Amino acid sequence: MKKISCFLPYAGKEQVERTVKGLQDTGLVEEIYLVTTDNTLKPLSGCQLLVVDRPYSSATLKTIADTSKGEYTLLYTKETTLEVGFFALERMIQIAEDSNAGMVYADHYQIADGKQTNAPVIDYQFGSLRDDFNFGSVLLFHSEKVKEAAGRMTSEYKFAGLYDLRLKLSQKADLVHINEYLYSEVENDTRKSGEKIFDYVDPKNRDRQIEMEQACTQHLKEIDGYLKPEFKKIEFSAGHFEYEASVIIPVRNRIRTVCDAIESVLNQKTDFKFNLIIVDNHSTDGTTEAIEKFKEDERLIHIIPERNDLGIGGCWNMGVHHPKCGKFAVQLDSDDVYKDENTLSTMVRAFYEQNCAMVVGTYMMTDFDMNMIAPGIIDHKEWTPENGRNNALRINGLGAPRAFYTPVLREVKVPNTSYGEDYALGLNFSRQYQIGRVYDVVYLCRRWDDNSDASLDIVKMNGHNLYKDRIRTWELQARVALNKKK
């Protein structure tokens, strides 16, 4: 069989001993390198030490590619124990050979607190540009292909080396998902899904995010998917609108929170006329009756659809196409509230000041009682007028609240889903129009135990991520086609 060069993170003998023995016992290993930033450590028997500046810098990844002597290069990305499955490496090599892949990765098991659980991953697509795409911890590269890709790495990143390498590799080779459970890894990060998903906007990761954006932007330029900061101008005179703005709340079974949301809208102070359109998607828990308590306020429009096939996006379409919808449609989730009485004015003003078709605000994460919780303020400052439309393809969300120029939104329409519909709109809008930003906190996003995405199982998380990658793929294909016409 083909021989493999293995590269493992190394913090000490106890950490890697079992992993090294398991790899050596396969009989497929050409060499094992223990990758460390500590030059005082001693290598294990049968292993070599590879001292680097940072674990995933450009210099480190280039060194790994250059050093590898085997026909395949295995990179393990965790510092915990790895147990390869029975004939797993043979299987990975076989699939790599059959598919002519640049890299293969596989479903696996995770062991946390002594319990083994399934950890399936998802297929890599043209639009799988997230720097936090989960390949699992075992990456098996075709050495010649990864050496060629590393040779095209021109930037020197401290944090984005591995990201840059896999983007370069994906330009000329497939990254192939093996839908088989081929290894077990020890997992120490046992946080809920709702806590993990905001790691990328944590302020302490700011330097890392800047590098990831640079690497993604360069990749988009190389595949002709980059868009210059040239936008269609908006004339805010299309159509006649009785109201300047409408807040739209889709809701189903949110009796605990819907009244707070409604009150935060009706308490808005503005110098323009606005209303609130609630699309009540057949609630059964008392939400409908709670909304009816506000019926004396003529600004509130309560819609119960005749249809039974609407997701959140479908409810948005119903609200936006209502004849009383205002010139600007502003989002509020039924779990959340506006920060104060100035939110609506702030969002509407941004349209005129920034000449944009969509505005995204800044929000703060809170518990049910609206006390701030980690990671705190989500401002998406990685977004810039020059590169926001390109960077939007790398991140997994655009922030909140979102607001739209209604004539454009009526033309585009919202995907009839209950996840990712807002992200799809952001990508579509940014293809032609500027997206405005408000960096003051205007929105409180409540994350609590009954919140729909506070703790998702891995299958549901994978479904969400697969759909968002598909959205990115469609958008990237459209952008490449657009550039070819120019």
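User: Which residue of β4 does Cys6 stand opposite?

Analyst: The model is predicted. Strand β1 (residues 4-9) and β4 pair in the parallel sense over four bridges. In β4, the residue opposite Cys6 is Leu74.

User: Which residue of β8 does Tyr72 stand opposite?

Analyst: Strand β8 (residues 138-142) pairs with β4 in the antiparallel sense. Five bridges link β4 and β8. Opposite Tyr72 stands His142.

User: How many residues of β4 are buried?

Analyst: In a regular strand, side chains alternate between the two sheet faces. Both faces of β4 are covered. Tyr72, Leu74 and Tyr76 are buried on one side, Thr73 and Leu75 on the other. For β4 (residues 72-76), the buried count is five of five.

User: Is α2 parallel, perpendicular, antiparallel or oblique to α4?

Analyst: The axes of α2 (residues 58-67) and α4 (residues 143-151) come within 9 Å and cross at roughly 140°. Roughly antiparallel would need an angle over 145 degrees, and roughly perpendicular runs from 65 to 115. So α2 is, relative to α4, oblique.

User: Is the crossing of α2 and α4 left-handed or right-handed?

Analyst: Two packed helices are described by the angle and the distance between their axes. The α2 and α4 crossing is left-handed.

User: How many charged residues does the contact of α2 with α4 have?

Analyst: From α2, Lys62, Ala65 and Asp66 make the contact. From α4 come Val146, Lys147 and Ala150. By class, three residues are nonpolar and none is polar. The number of charged residues is three.

Terms used: Residues numbered from 1 in each chain as written. Predicted model: local features only at pLDDT ≥ 70, side-chain atom pairs only at ≥ 80, totals over all residues. Heavy atoms only, no water. Axes fitted to C-alpha atoms, helices over the stretch in contact; angles between N-to-C directions. Helix = DSSP H or I, 4+ residues; strand = E, 2+ residues; numbered from the N terminus. Parallel < 35°, antiparallel > 145°, perpendicular 65-115°, else oblique. Left-handed = near helix turned anticlockwise from the far one by under 90°. Contact = heavy atoms within 4.5 Å. Nonpolar A, V, L, I, M, F, W, Y, C, P; charged D, E, K, R; others polar. Buried < 20%, exposed > 50% of the residue type's maximum accessible area, 1.4 Å probe, protein only. Pairing = 2+ DSSP bridges.
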